[in-house]
Amino acid sequence: MLIAWRAGKLIDASGADREPDYQCPACHQRVVLHRGRVVPPYFAHQTLGDCAVATEGESLQHVLGKRQLATFFTAWGVPTLEKILPTIDQRADCWLDRGDRQPVALEFQCSPIGRDQVATRTTGYQGMAVFPCWILGERYQRQHLNWGLVDRFAWRMPGWGLCLLFWDVSQQRLRLDHHLQQTAVGKIVATTSWLTAVDDLRRPRQPAPQPPVDLTTYRRKLTLDLLRGNTGLRLIQEALYLLGKNLPGFPPVLSTTRGYLPIFGRGPILWRVVVGAWIFSRQTQWTVSALWQLACEGLALVGGHCAGGIRFSGRAALRLALNDLLADLVTAHYLHRTTTGWQVAVKPTWSQDGRKWLENNERK
Ligand SMILES: [Zn+2]
(Lines give C-alpha, C1' and ligand atoms only; values in the text may rest on other atoms or scores of the structure.)
Protein backbone atom coordinates (compact mmCIF):
# COMPACT_ATOMS: atom_id res chain seq x y z
CA MET A 1 0.00 0.00 0.00
CA LEU A 2 1.12 3.55 -0.69
CA ILE A 3 -0.81 5.36 2.03
CA ALA A 4 -0.58 4.78 5.80
CA TRP A 5 -1.93 6.41 8.91
CA ARG A 6 0.28 8.18 11.45
CA ALA A 7 -0.52 10.63 14.26
CA GLY A 8 -3.91 11.47 12.82
CA LYS A 9 -2.71 11.97 9.23
CA LEU A 10 -2.57 9.97 6.01
CA ILE A 11 1.04 9.69 4.88
CA ASP A 12 2.17 8.89 1.33
CA ALA A 13 5.01 6.35 1.24
CA SER A 14 6.95 8.43 -1.29
CA GLY A 15 7.57 11.15 1.29
CA ALA A 16 7.57 9.01 4.45
CA ASP A 17 10.43 8.69 6.92
CA ARG A 18 11.38 5.43 8.56
CA GLU A 19 9.22 5.85 11.65
CA PRO A 20 8.14 3.01 13.85
CA ASP A 21 4.42 3.70 14.19
CA TYR A 22 2.62 3.65 10.87
CA GLN A 23 -0.83 2.03 10.80
CA CYS A 24 -3.00 0.51 8.12
CA PRO A 25 -5.84 2.99 7.44
CA ALA A 26 -8.32 0.10 7.21
CA CYS A 27 -7.51 -2.30 10.05
CA HIS A 28 -5.20 -0.03 12.14
CA GLN A 29 -2.63 -2.77 12.57
CA ARG A 30 1.02 -1.89 12.30
CA VAL A 31 2.52 -1.48 8.83
CA VAL A 32 6.19 -1.06 7.93
CA LEU A 33 7.70 1.23 5.33
CA HIS A 34 9.65 -0.65 2.65
CA ARG A 35 12.21 1.33 0.72
CA GLY A 36 14.18 -0.78 -1.68
CA ARG A 37 16.43 0.12 -4.58
CA VAL A 38 14.10 -1.22 -7.28
CA VAL A 39 10.55 -0.87 -5.95
CA PRO A 40 9.53 2.68 -4.92
CA PRO A 41 8.57 3.06 -1.23
CA TYR A 42 5.45 1.25 -0.01
CA PHE A 43 3.92 0.06 3.26
CA ALA A 44 3.21 -3.55 4.20
CA HIS A 45 1.49 -5.13 7.20
CA GLN A 46 4.00 -6.41 9.70
CA THR A 47 1.97 -9.55 10.25
CA LEU A 48 -0.78 -10.65 7.89
CA GLY A 49 -3.83 -10.54 10.11
CA ASP A 50 -7.40 -10.42 8.93
CA CYS A 51 -7.15 -7.04 7.19
CA ALA A 52 -9.93 -6.84 4.59
CA VAL A 53 -7.96 -4.75 2.12
CA ALA A 54 -4.44 -6.16 2.53
CA THR A 55 -2.65 -6.93 -0.74
CA GLU A 56 0.88 -7.74 0.32
CA GLY A 57 3.90 -8.36 -1.81
CA GLU A 58 2.99 -5.58 -4.21
CA SER A 59 4.83 -5.78 -7.50
CA LEU A 60 6.88 -2.94 -8.90
CA GLN A 61 4.34 -2.73 -11.71
CA HIS A 62 1.43 -2.27 -9.32
CA VAL A 63 3.19 0.37 -7.20
CA LEU A 64 4.28 2.38 -10.26
CA GLY A 65 1.04 1.86 -12.17
CA LYS A 66 -1.24 3.17 -9.41
CA ARG A 67 0.64 6.47 -9.32
CA GLN A 68 0.78 6.73 -13.11
CA LEU A 69 -2.97 6.11 -13.39
CA ALA A 70 -3.69 8.76 -10.75
CA THR A 71 -1.79 11.24 -12.96
CA PHE A 72 -3.28 9.99 -16.24
CA PHE A 73 -6.88 10.30 -15.00
CA THR A 74 -6.48 13.72 -13.32
CA ALA A 75 -8.39 15.38 -16.19
CA TRP A 76 -11.45 13.31 -15.15
CA GLY A 77 -11.45 14.11 -11.44
CA VAL A 78 -9.40 14.69 -8.32
CA PRO A 79 -7.49 11.45 -7.64
CA THR A 80 -7.02 9.85 -4.22
CA LEU A 81 -4.69 6.88 -3.96
CA GLU A 82 -5.98 3.83 -2.09
CA LYS A 83 -9.27 5.22 -0.90
CA ILE A 84 -10.76 3.06 1.85
CA LEU A 85 -14.48 2.27 1.59
CA PRO A 86 -15.31 0.68 4.96
CA THR A 87 -18.95 -0.13 4.12
CA ILE A 88 -17.90 -2.58 1.40
CA ASP A 89 -14.51 -3.59 2.90
CA GLN A 90 -12.78 -2.28 -0.19
CA ARG A 91 -9.83 -0.13 -1.02
CA ALA A 92 -9.88 1.41 -4.47
CA ASP A 93 -6.39 1.62 -5.99
CA CYS A 94 -7.29 5.10 -7.13
CA TRP A 95 -10.45 7.09 -6.58
CA LEU A 96 -11.60 9.94 -8.79
CA ASP A 97 -13.77 12.55 -7.15
CA ARG A 98 -15.76 14.29 -9.90
CA GLY A 99 -17.85 16.81 -7.98
CA ASP A 100 -21.51 16.34 -8.86
CA ARG A 101 -20.79 13.49 -11.26
CA GLN A 102 -20.49 9.80 -10.44
CA PRO A 103 -17.17 9.00 -8.76
CA VAL A 104 -14.88 6.44 -10.41
CA ALA A 105 -12.97 3.66 -8.65
CA LEU A 106 -9.92 2.59 -10.65
CA GLU A 107 -8.78 -0.96 -9.98
CA PHE A 108 -5.36 -1.70 -11.45
CA GLN A 109 -5.38 -5.49 -11.59
CA CYS A 110 -1.93 -7.04 -11.96
CA SER A 111 -2.32 -10.33 -10.06
CA PRO A 112 -4.67 -13.25 -10.78
CA ILE A 113 -8.20 -12.78 -9.43
CA GLY A 114 -11.25 -15.06 -9.43
CA ARG A 115 -14.53 -14.26 -11.12
CA ASP A 116 -16.45 -14.19 -7.81
CA GLN A 117 -14.09 -11.62 -6.35
CA VAL A 118 -14.39 -9.37 -9.42
CA ALA A 119 -18.18 -9.69 -9.30
CA THR A 120 -18.32 -8.89 -5.56
CA ARG A 121 -16.11 -5.82 -5.94
CA THR A 122 -17.96 -4.62 -9.03
CA THR A 123 -21.40 -4.91 -7.44
CA GLY A 124 -20.03 -3.38 -4.22
CA TYR A 125 -19.02 -0.24 -6.10
CA GLN A 126 -22.21 -0.18 -8.16
CA GLY A 127 -24.26 -0.46 -4.95
CA MET A 128 -22.60 2.77 -3.77
CA ALA A 129 -23.30 4.46 -7.14
CA VAL A 130 -19.57 4.40 -7.92
CA PHE A 131 -18.37 3.54 -11.43
CA PRO A 132 -15.87 0.65 -11.25
CA CYS A 133 -13.13 0.88 -13.88
CA TRP A 134 -10.91 -2.20 -14.11
CA ILE A 135 -7.57 -1.64 -15.78
CA LEU A 136 -5.44 -4.68 -16.43
CA GLY A 137 -1.71 -5.14 -15.95
CA GLU A 138 0.98 -6.92 -17.91
CA ARG A 139 -0.02 -10.51 -17.10
CA TYR A 140 -3.37 -9.87 -18.81
CA GLN A 141 -1.87 -7.97 -21.74
CA ARG A 142 0.12 -11.04 -22.68
CA GLN A 143 -3.01 -13.22 -22.95
CA HIS A 144 -4.91 -13.83 -26.15
CA LEU A 145 -8.40 -12.42 -25.89
CA ASN A 146 -10.55 -15.05 -24.19
CA TRP A 147 -13.91 -15.41 -22.49
CA GLY A 148 -12.38 -15.33 -19.00
CA LEU A 149 -11.10 -11.80 -19.64
CA VAL A 150 -14.23 -10.56 -21.39
CA ASP A 151 -16.54 -12.08 -18.78
CA ARG A 152 -14.77 -10.51 -15.80
CA PHE A 153 -13.56 -7.16 -17.07
CA ALA A 154 -15.32 -6.00 -20.26
CA TRP A 155 -17.97 -3.29 -20.41
CA ARG A 156 -19.64 -1.19 -23.06
CA MET A 157 -18.25 2.29 -23.51
CA PRO A 158 -20.30 4.76 -25.58
CA GLY A 159 -18.94 4.81 -29.13
CA TRP A 160 -16.31 2.14 -28.45
CA GLY A 161 -18.53 -0.94 -28.15
CA LEU A 162 -17.52 -3.66 -25.70
CA CYS A 163 -14.07 -2.79 -24.27
CA LEU A 164 -11.14 -4.01 -22.20
CA LEU A 165 -8.63 -1.57 -20.70
CA PHE A 166 -4.94 -2.24 -20.06
CA TRP A 167 -2.22 -0.01 -18.60
CA ASP A 168 1.30 -0.22 -19.95
CA VAL A 169 3.61 0.87 -17.10
CA SER A 170 6.78 1.13 -19.20
CA GLN A 171 5.19 3.31 -21.91
CA GLN A 172 2.71 5.04 -19.56
CA ARG A 173 -0.17 4.69 -21.97
CA LEU A 174 -3.59 3.08 -22.03
CA ARG A 175 -4.33 0.15 -24.32
CA LEU A 176 -7.97 0.04 -25.27
CA ASP A 177 -9.25 -3.15 -26.90
CA HIS A 178 -12.57 -1.95 -28.30
CA HIS A 179 -15.42 -3.28 -30.43
CA LEU A 180 -14.81 -6.72 -28.97
CA GLN A 181 -16.58 -9.35 -30.99
CA GLN A 182 -16.54 -13.01 -31.84
CA THR A 183 -16.03 -14.04 -35.45
CA ALA A 184 -18.39 -16.57 -37.05
CA VAL A 185 -15.86 -19.35 -36.41
CA GLY A 186 -15.56 -18.45 -32.73
CA LYS A 187 -12.42 -16.35 -32.40
CA ILE A 188 -12.64 -13.34 -30.03
CA VAL A 189 -11.17 -10.26 -31.72
CA ALA A 190 -10.96 -6.52 -31.03
CA THR A 191 -9.46 -3.35 -32.40
CA THR A 192 -6.55 -2.09 -30.29
CA SER A 193 -5.98 1.65 -29.81
CA TRP A 194 -3.22 3.19 -27.69
CA LEU A 195 -4.25 6.32 -25.81
CA THR A 196 -1.77 8.78 -24.32
CA ALA A 197 -4.36 11.16 -22.81
CA VAL A 198 -7.56 10.34 -20.98
CA ASP A 199 -9.56 12.78 -23.13
CA ASP A 200 -8.87 10.51 -26.14
CA LEU A 201 -11.65 8.36 -24.63
CA ARG A 202 -14.12 11.06 -25.69
CA ARG A 203 -13.18 10.57 -29.36
CA PRO A 204 -14.19 7.00 -30.22
CA ARG A 205 -12.40 5.31 -33.11
CA GLN A 206 -13.88 2.99 -35.72
CA PRO A 207 -13.38 -0.76 -35.48
CA ALA A 208 -10.69 -2.07 -37.83
CA PRO A 209 -11.97 -4.45 -40.54
CA GLN A 210 -11.42 -8.10 -39.57
CA PRO A 211 -9.94 -10.63 -42.00
CA PRO A 212 -12.68 -12.52 -43.90
CA VAL A 213 -13.87 -15.85 -42.51
CA ASP A 214 -12.66 -18.80 -44.59
CA LEU A 215 -15.54 -21.28 -44.45
CA THR A 216 -13.81 -24.05 -46.42
CA THR A 217 -10.91 -24.03 -43.96
CA TYR A 218 -13.38 -24.00 -41.08
CA ARG A 219 -15.28 -27.05 -42.33
CA ARG A 220 -12.02 -28.92 -42.86
CA LYS A 221 -10.92 -28.04 -39.33
CA LEU A 222 -14.22 -29.27 -37.86
CA THR A 223 -13.85 -32.56 -39.72
CA LEU A 224 -10.27 -33.04 -38.58
CA ASP A 225 -11.12 -32.08 -34.98
CA LEU A 226 -13.86 -34.72 -34.95
CA LEU A 227 -11.60 -37.37 -36.46
CA ARG A 228 -9.04 -36.55 -33.75
CA GLY A 229 -11.75 -36.83 -31.07
CA ASN A 230 -11.71 -33.17 -29.96
CA THR A 231 -13.68 -33.43 -26.71
CA GLY A 232 -15.05 -29.88 -26.97
CA LEU A 233 -17.14 -30.91 -29.97
CA ARG A 234 -18.36 -34.21 -28.56
CA LEU A 235 -21.62 -32.97 -27.02
CA ILE A 236 -22.52 -31.06 -30.18
CA GLN A 237 -21.75 -34.03 -32.41
CA GLU A 238 -23.75 -36.35 -30.14
CA ALA A 239 -26.78 -34.03 -30.25
CA LEU A 240 -26.61 -34.08 -34.06
CA TYR A 241 -26.06 -37.86 -34.29
CA LEU A 242 -29.39 -38.29 -32.47
CA LEU A 243 -30.98 -36.56 -35.46
CA GLY A 244 -28.97 -38.62 -37.96
CA LYS A 245 -26.75 -35.65 -38.84
CA ASN A 246 -23.03 -35.32 -39.12
CA LEU A 247 -21.57 -32.04 -37.86
CA PRO A 248 -19.19 -31.15 -40.73
CA GLY A 249 -21.92 -31.90 -43.27
CA PHE A 250 -24.09 -28.95 -42.21
CA PRO A 251 -26.07 -27.20 -44.97
CA PRO A 252 -24.57 -23.95 -46.34
CA VAL A 253 -27.63 -21.92 -45.24
CA LEU A 254 -26.64 -22.51 -41.59
CA SER A 255 -23.24 -20.99 -42.19
CA THR A 256 -22.53 -17.27 -41.76
CA THR A 257 -19.68 -14.81 -41.93
CA ARG A 258 -21.20 -12.40 -39.38
CA GLY A 259 -19.55 -11.61 -36.07
CA TYR A 260 -21.39 -11.01 -32.78
CA LEU A 261 -20.76 -10.02 -29.18
CA PRO A 262 -18.42 -12.70 -27.77
CA ILE A 263 -21.01 -14.81 -25.90
CA PHE A 264 -21.14 -17.75 -28.33
CA GLY A 265 -18.69 -20.16 -26.69
CA ARG A 266 -17.42 -22.31 -29.56
CA GLY A 267 -18.77 -19.81 -32.06
CA PRO A 268 -21.83 -18.46 -33.87
CA ILE A 269 -21.66 -20.99 -36.74
CA LEU A 270 -21.83 -24.00 -34.39
CA TRP A 271 -24.73 -22.34 -32.58
CA ARG A 272 -26.56 -21.87 -35.92
CA VAL A 273 -25.87 -25.48 -36.92
CA VAL A 274 -27.33 -26.84 -33.68
CA VAL A 275 -30.36 -24.53 -33.59
CA GLY A 276 -30.93 -25.01 -37.34
CA ALA A 277 -30.88 -28.80 -36.96
CA TRP A 278 -33.44 -28.61 -34.13
CA ILE A 279 -35.76 -26.22 -36.00
CA PHE A 280 -36.17 -28.73 -38.84
CA SER A 281 -36.36 -31.89 -36.73
CA ARG A 282 -38.44 -31.12 -33.64
CA GLN A 283 -41.66 -29.63 -35.02
CA THR A 284 -43.01 -27.82 -38.08
CA GLN A 285 -44.60 -24.74 -36.46
CA TRP A 286 -42.59 -22.33 -34.33
CA THR A 287 -43.62 -19.46 -32.08
CA VAL A 288 -41.32 -16.62 -31.06
CA SER A 289 -41.03 -17.90 -27.49
CA ALA A 290 -40.36 -21.51 -28.55
CA LEU A 291 -37.57 -20.31 -30.83
CA TRP A 292 -36.09 -18.18 -28.06
CA GLN A 293 -35.96 -21.27 -25.84
CA LEU A 294 -34.26 -23.15 -28.64
CA ALA A 295 -31.74 -20.32 -29.04
CA CYS A 296 -30.87 -20.44 -25.32
CA GLU A 297 -30.62 -24.26 -25.33
CA GLY A 298 -28.34 -24.10 -28.37
CA LEU A 299 -26.16 -21.48 -26.73
CA ALA A 300 -25.72 -23.68 -23.66
CA LEU A 301 -24.74 -26.65 -25.86
CA VAL A 302 -21.99 -24.69 -27.63
CA GLY A 303 -20.64 -23.39 -24.30
CA GLY A 304 -22.07 -19.87 -24.68
CA HIS A 305 -23.30 -17.37 -22.12
CA CYS A 306 -26.81 -15.91 -22.49
CA ALA A 307 -26.42 -13.92 -19.28
CA GLY A 308 -23.33 -12.26 -20.75
CA GLY A 309 -20.48 -11.14 -18.47
CA ILE A 310 -20.36 -9.39 -15.10
CA ARG A 311 -20.83 -5.96 -16.74
CA PHE A 312 -22.84 -6.67 -19.92
CA SER A 313 -25.83 -8.70 -21.05
CA GLY A 314 -25.78 -11.30 -23.82
CA ARG A 315 -29.50 -11.32 -24.57
CA ALA A 316 -29.49 -8.64 -27.27
CA ALA A 317 -26.67 -10.41 -29.13
CA LEU A 318 -28.49 -13.74 -28.96
CA ARG A 319 -31.72 -12.12 -30.20
CA LEU A 320 -29.82 -10.54 -33.09
CA ALA A 321 -28.21 -13.86 -34.04
CA LEU A 322 -31.59 -15.62 -33.91
CA ASN A 323 -33.19 -12.95 -36.12
CA ASP A 324 -30.31 -13.27 -38.60
CA LEU A 325 -30.69 -17.06 -38.71
CA LEU A 326 -34.46 -16.86 -39.25
CA ALA A 327 -34.07 -14.18 -41.93
CA ASP A 328 -31.51 -16.37 -43.78
CA LEU A 329 -33.85 -19.40 -43.60
CA VAL A 330 -36.81 -17.34 -44.87
CA THR A 331 -34.76 -15.81 -47.70
CA ALA A 332 -33.63 -19.28 -48.80
CA HIS A 333 -37.30 -20.49 -48.62
CA TYR A 334 -36.74 -23.10 -45.92
CA LEU A 335 -39.12 -21.27 -43.55
CA HIS A 336 -42.29 -19.18 -44.11
CA ARG A 337 -43.53 -16.40 -41.88
CA THR A 338 -47.01 -17.02 -40.49
CA THR A 339 -49.25 -14.81 -38.35
CA THR A 340 -48.10 -16.58 -35.17
CA GLY A 341 -44.48 -17.35 -36.04
CA TRP A 342 -42.74 -19.59 -38.57
CA GLN A 343 -43.66 -22.69 -40.58
CA VAL A 344 -41.17 -25.21 -41.94
CA ALA A 345 -41.39 -25.31 -45.78
CA VAL A 346 -38.49 -27.51 -46.88
CA LYS A 347 -35.73 -29.17 -44.86
CA PRO A 348 -32.20 -28.17 -45.87
CA THR A 349 -29.98 -31.06 -46.99
CA TRP A 350 -27.02 -32.26 -44.96
CA SER A 351 -24.10 -34.13 -46.50
CA GLN A 352 -23.79 -37.53 -44.88
CA ASP A 353 -20.14 -38.18 -44.39
CA GLY A 354 -17.63 -35.59 -43.28
CA ARG A 355 -14.73 -37.85 -44.21
CA LYS A 356 -15.98 -38.10 -47.79
CA TRP A 357 -16.50 -34.36 -47.88
CA LEU A 358 -12.95 -33.87 -46.73
CA GLU A 359 -11.55 -36.28 -49.36
CA ASN A 360 -13.50 -34.60 -52.16
CA ASN A 361 -12.37 -31.16 -51.14
CA GLU A 362 -8.75 -32.12 -50.47
CA ARG A 363 -8.51 -33.62 -53.99
CA LYS A 364 -9.38 -30.28 -55.60
ZN1 LIG B 1 -4.87 -3.49 7.20
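Guide: Two strands pair if DSSP finds at least two bridges between them. Helices (H or I, at least four residues) and strands (E, at least two) are DSSP runs, numbered from the N terminus. This model is predicted: local features need pLDDT of at least 70, side-chain atom pairs count only at pLDDT 80 or more, and totals for chains, interfaces and linings use all residues. Residues are numbered from 1 along each chain as its sequence is written, and side-chain values use heavy atoms, with hydrogens and water left out.

Visitor: What joins β15 to β16?

Guide: A hairpin does, through three residues. The two strands pair in the antiparallel sense over three bridges. Pairing needs at least two bridges, so β15 and β16 count as paired. H336 stands opposite Q343 in β16.

Visitor: What makes β14 and β15 the edges of their sheet?

Guide: Start with the order. The sheet is open, has three strands and runs β14-β16-β15, with antiparallel pairing. β14 (285-287) and β15 (335-337) each have a single partner strand, so one side of each is left without a neighbour in the sheet. On average, neighbouring strands here are turned by 25° against each other, direction ignored.

Visitor: How do you know that β14 pairs with β16?

Guide: Count the bridges. Three of them join β14 to β16 (residues 341-344), and the strands run antiparallel. Q285 has Q343 as its bridge partner in β16. T287 stands opposite G341 in β16.

Visitor: Which helix packs on this sheet?

Guide: α7 does, touching β14, β15 and β16. Contact means heavy atoms within 4.5 Å. The direction of α7 makes about 125° with that of β14.

Visitor: Is A105 buried or exposed?

Guide: Check the cut-offs. Buried means under 20% relative accessible area, exposed over 50%, partly exposed in between (1.4 Å probe, protein chains only). A105 has 0% relative accessibility, so A105 counts as buried. A105 is found in strand β8 (residues 104-109). Leaving aside residues up to four places away in sequence, A105 touches A92, C94, W95, Y125, V130, F131, P132 and C133.

Visitor: Why is β11 called mostly covered?

Guide: Eight of its eight residues, 161-168, are buried. β11 also has strand partners. Three bridges join β10 (residues 155-157) to β11, and these two run antiparallel. W155 stands opposite C163 in β11. β11 pairs with β12 (residues 173-182) over five bridges, in the antiparallel sense. F166 stands opposite R175 in β12.

Visitor: Which turn residues have a positive phi in these two hairpins?

Guide: In the hairpin of β10 and β11, with three residues between the strands, G159 takes a positive phi near 85°. In the hairpin of β11 and β12, with four residues between them, Q172 has a positive phi of about 50°.

Visitor: What makes the buried residues of α6 line one face?

Guide: First, the residues. In α6 (residues 234-241), I236, Q237, A239 and L240 are buried. They fall within an arc of 160° seen down the axis, so they line one face of the helix. The arc is that of the directions from the helix axis to the C-beta atoms. These buried residues pack against α5 (215-227), α7 (268-282) and α8 (288-301).

Visitor: Why is α7 given its angle class against α9?

Guide: The two pack at an angle of about 55°, with their axes 11 Å apart. That makes α7 oblique to α9. From α7, W271, R272, V275, G276, I279 and F280 make the contact, and from α9, L318, A321, L322, D324, L325, L326, D328 and L329.

Visitor: Is the crossing of α8 and α9 left-handed or right-handed?

Guide: Right-handed. A crossing is left-handed if the near helix is turned anticlockwise from the far one by less than a right angle, and right-handed if clockwise. The crossing of α7 and α9 is right-handed too.

Key:
Axes are lines fitted to C-alpha atoms, for helices over the stretch in contact, and angles run from 0 to 180 degrees between N-to-C directions. Angles under 35 degrees count as roughly parallel, over 145 as roughly antiparallel, 65 to 115 as roughly perpendicular and the rest as oblique.
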